[in-house]
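I opened my notebook to look up how the parts of this model sit together. Here is what I wrote down as I went.

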Amino acid sequence: MFRAQGIGKSYPGVRANDDVSFWVAPGEIHALLGENGAGKSTLVKMIYGLVRPDDGQMTLNGQPHQPADPRAARAAGVAMVFQHFSLFDALTVAENIALGMENPPPRRELSARIAQVSRDFGLPLNPARRIVTLSAGERQRVEIIRCLLQNPRLLIMDEPTSVLTPQEAELLFATLRTLADRGTAILYISHKLDEIRTHCDRATILRHGRVVDSCDPRAHSARDLAAMMVGGAMRPIDRSGRRAGEVLLQVGALSQPAPSAEGTALKSVALTLRAGEILGIGGVAGNGQDELLAALSGEARSAPGTILLGGADLSRLGPEARRRAGLLAAPEDRLGHAAVPDFSLAENALLTAGARKGLVRKGLIDRPAARAFAESVIRAFDVRTPGPGTAARALSGGNLQKFVIGREVIQAPRVLAVNQPTWGVDAGAAAAVRQSLLDLARSGAGVIVISQDLDELLELSDRFCALNEGRLSDPVPTEGLTLDRIGLMLGGAHGMEVAHP
Amino acid sequence: MIRLVPRTETPALLQVVTPVLAVLATMLAGGLLFAVMGYDPVAAIKTIFWDPLFGPAASYSRPQLLVKAAPLILIASGLAVGFRAGIWNIGAEGQYIIGAITGAAVALTAYPAAGMWIFPAMVIAGAAGGWAWGMIPALLRNWFGASEILVSLMLVYVAQRIAAWMAFGPMKNPEGFGFPGSRNLQQYPAAANPELIPGTGAHWGVVAAVLAVLATWFLMSRHIRGFHIRAAGAAPRAARFAGVKPETLVAFCLGLSGALAGMAGLFEVAGPAGQITDKVGVGYGFTAIIVAFLGRLHPVGILLAGLLLALTYIGGELAQLTMNLPAATVQVFQGMLLFFLLGFDLLTRYRIARRITA
Ligand SMILES: Nc1ncnc2c1ncn2[C@@H]1O[C@H](COP(=O)(O)OP(=O)(O)OP(=O)(O)O)[C@@H](O)[C@H]1O
Ligand SMILES: [Mg+2]
């Protein structure tokens, strides 16, 4: 149904795609695999008409496929869910969906259709809500529903499940299977190898912009697939050498009103974090994760005495003062929250590292120092990019994520709080990011990991709590915990399920 | 059919080319307009854009260039800082008027004393007046979420009423034979803002404009505050995460642009205008918005754009004198310039594509 032949695309300093050939059959769920920056997003953007290939041809249903823009691609029957959201914050779900349509039906009818599709596919969504009030997972849902409304013949999904809960992801796969059975071809990008092994029919593997292999993912183990992607075996994670020290961070009776009508209020959250310890916080997105991180980072201030770092009260201080005190944070949304998309990496380094790294003295920016610091993050975290002058938005999703986490880790915080640290990061790089958090803890820092990925939490954390409707459960030691037990323990956290037993 | 498609990458060259294109298109459209009205288009364009600098009477008009460009550049430098952060001060005209009044108030109170302190005190008072007038929309936005666009614009009309009241009331020249308007500050040496180098038109306002260009350039490219301003304009959530308080930025940007506009008003009233009348505001505050955008919100661009718009003022007046062109010519030209700039700007963010039928 869809065929690409010898596709090539260059960006300044990188060959993003080189002589890529592959095909997708109708009714097939076809996985596109590869490390961060391997060129997956670039390839599908060409199919969707967002980027023009430098060379090569594509055919769709036997017709030459050369979309000048996404509209032409949509007319040819291609739909796409993006890795990063392209939604207008100020508008409602229905308005956003109408904006993406050629001939939007009347508002009432559209809302009804949205409600219908979201019921059919088990993706709950209220068409009247404004985007700004939605969590990352819910925003992804808007994008998915937007595509499903088009009845596409080739549906492209660029990491659609990275912010969905395991349960939501299962429902999505049921949806995709139904669609495929009706003859829709599906091109699926994900870094979750287990997900691909259970649900995809075939996989094409990219490395450094070239096709290196094509296989049946069900016939290989996740480890094999990862090895094919990187071209070498992966290192197991090393949890050794950490000892819990003195109490670093104390959060008590932290209650915050919901920041917006649809946000989540925090209800007397309490936790203690010791030096050398990693505390995992699980739960479904939209249960106060963003709000908890904002309260820790200083974006939201709380009542006096609610946040103590080494005994000093930080509750009333802003982000800069907290960074100086040693409390650092990395929010979930990397484009637009953790980083300014239009700024270079050097400028984005300055965004949070100004004070601790001496990049700003008496208000003056030391630009060479900012560049050098960005370069050190790029090197230490293996960020694939031409250099610190590259704009953040030109990085592949996973590479920007590595940069954003690396920027905080390298500042040697006393306490680091991260939200979804490996969202969209490939298996190899995710292991590297997790290892860096473990190493940070080994050096005596305290780390809080907020994540929806139970495997990640089990792999990293010493103690585990669940965040549910703004309430934080008492911590339990992770030692000896099984995924099943956590599943039971999270009984209160709606929809949180075990990824794979 | 032809449609606009968002660009994925913006060619850097377009940033510089569009203002130039806009100027050329304005000349073209202006010429066309003159031709329709029955004037010789080539002569008219030459009179407006060439003669003020190189024509027979250039020795009279050339100094005017700096006189008119100084307030435009001074105001636009401040506005551009706020515009970069997405803070829209549309009321620089009002801050200019209030600055002229508070600055003049110092001089009129001191009259007839002599002293080196008088002129600097006037400059400070002018800046303070403009700053205070700019802080009104800032505080209303920070406290109640009121739109600074509307509030600052409305305050222009309030400022104009205050100027009229001053000219007819408290500031009226007691030796003015009942005519409205204050004493002429040009005739009060301690308060006057004279031409510093004869024949150039350069007064203290020109010096201040150059300093403002340098200072805002430094602020935006070297100082962390400027970095935060750019971050807030590009990604407000990321700026807040970095530690920027939006309220602080609103107050800083409106205060700064207000102070610079107020200072421009003072230099004008103590120099070229000479006195407070009900017509102190001559539109520099509005034209400066065009200057800021035409200059791409960049200090160097603003310098060039300020000179160009000053040229349209002088050339327009010249054309009115020598060719009998209507007085509205200047406004039409400035309006067209903004129109074409915004039009061509579209092309930096979108490209033109033919519709492919579905
Ligand atoms: N607009 C751009 N300008 C410059 N370079 C770009 C641009 N977009 C992508 N690249 C580069 O092209 C390469 C491939 O990027 P791409 O986004 O396709 O990777 P990816 O396989 O989708 O990675 P990820 O899994 O991290 O999303 C990267 O090296 C990236 O830096
Ligand atoms: Mg990608």
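This is a predicted model: local features need pLDDT of at least 70, side-chain atom pairs count only at pLDDT 80 or more; totals for chains, interfaces and linings use all residues.

**Entry 1: the domains of chain A.** The assignment gives domain 1 as residues 2–230 and domain 3 as 335–412. Domain 2 is written in two pieces, 237–326 and 414–501. I noticed that the numbers of domain 3 fall between those two pieces.

**Entry 2: domain 1 and domain 3.** I looked up the distance between these two in chain A, and their centres, taken over C-alpha atoms, are 29 Å apart. How many residues of domain 1 of chain A are in contact with domain 3 of chain A? I found seven from domain 1, and they meet eight from domain 3. Together the two domains of chain A bury about 600 Å², and carbon and sulfur atoms hold 53% of that area.

**Entry 3: the links between them.** Next I checked for charged partners, and the count between domain 1 and domain 3 of chain A is one salt bridge. I found that the side chains of Arg384(A) and Glu35(A) meet in a salt bridge, with 3.3 Å from N to O. On the side of domain 1 of chain A that touches domain 3, I noted five polar residues, one nonpolar and one charged.

**Entry 4: ligand 1.** Then I turned to the ligand. Which residues are closest to ligand 1? I wrote down Gly37(A), Ser41(A), Thr42(A), Ser396(A) and Gly398(A), out of 19 that surround ligand 1. The side chain of Ser41(A) has an N or O atom 2.6 Å from an oxygen atom of ligand 1.

**Entry 5: chain B against chain A.** Last, I looked at the two chains. The contact takes 35 residues from chain A and 25 from chain B, and the chains bury about 2,500 Å² between them. I noted that 60% of this area is on carbon and sulfur atoms. Which residues of chain B lose the most area to chain A? They are Phe227(B), Arg237(B) and Phe241(B), together 29% of what that side buries. Arg237(B) came up again in a salt bridge with Asp333(A), at 2.9 Å from N to O. The count between the chains is two salt bridges, and I also noted eight residue pairs in polar contact across the interface.

Definitions and conventions
Residues are numbered from 1 along each chain as its sequence is written. Chains are lettered from A and ligands numbered from 1 in the order in which they are written. Side-chain values use heavy atoms; hydrogens and water are left out. Domain bounds come from an automatic or database domain assignment. Contact means heavy atoms within 4.5 Å. Buried area is the accessible area (1.4 Å probe) that two parts lose on being put together, summed over both. A salt bridge is a side-chain nitrogen of Lys or Arg within 4 Å of a carboxyl oxygen of Asp or Glu. Ala, Val, Leu, Ile, Met, Phe, Trp, Tyr, Cys and Pro count as nonpolar, Asp, Glu, Lys and Arg as charged, and the others, Gly among them, as polar. A residue is near a molecule or strand if one of its heavy atoms lies within 4 Å of it. A polar contact is a pair of N or O atoms within 3.5 Å; within protein, one must be able to donate a hydrogen and the other to accept it, and residues adjacent in sequence count only if both atoms are side-chain atoms.
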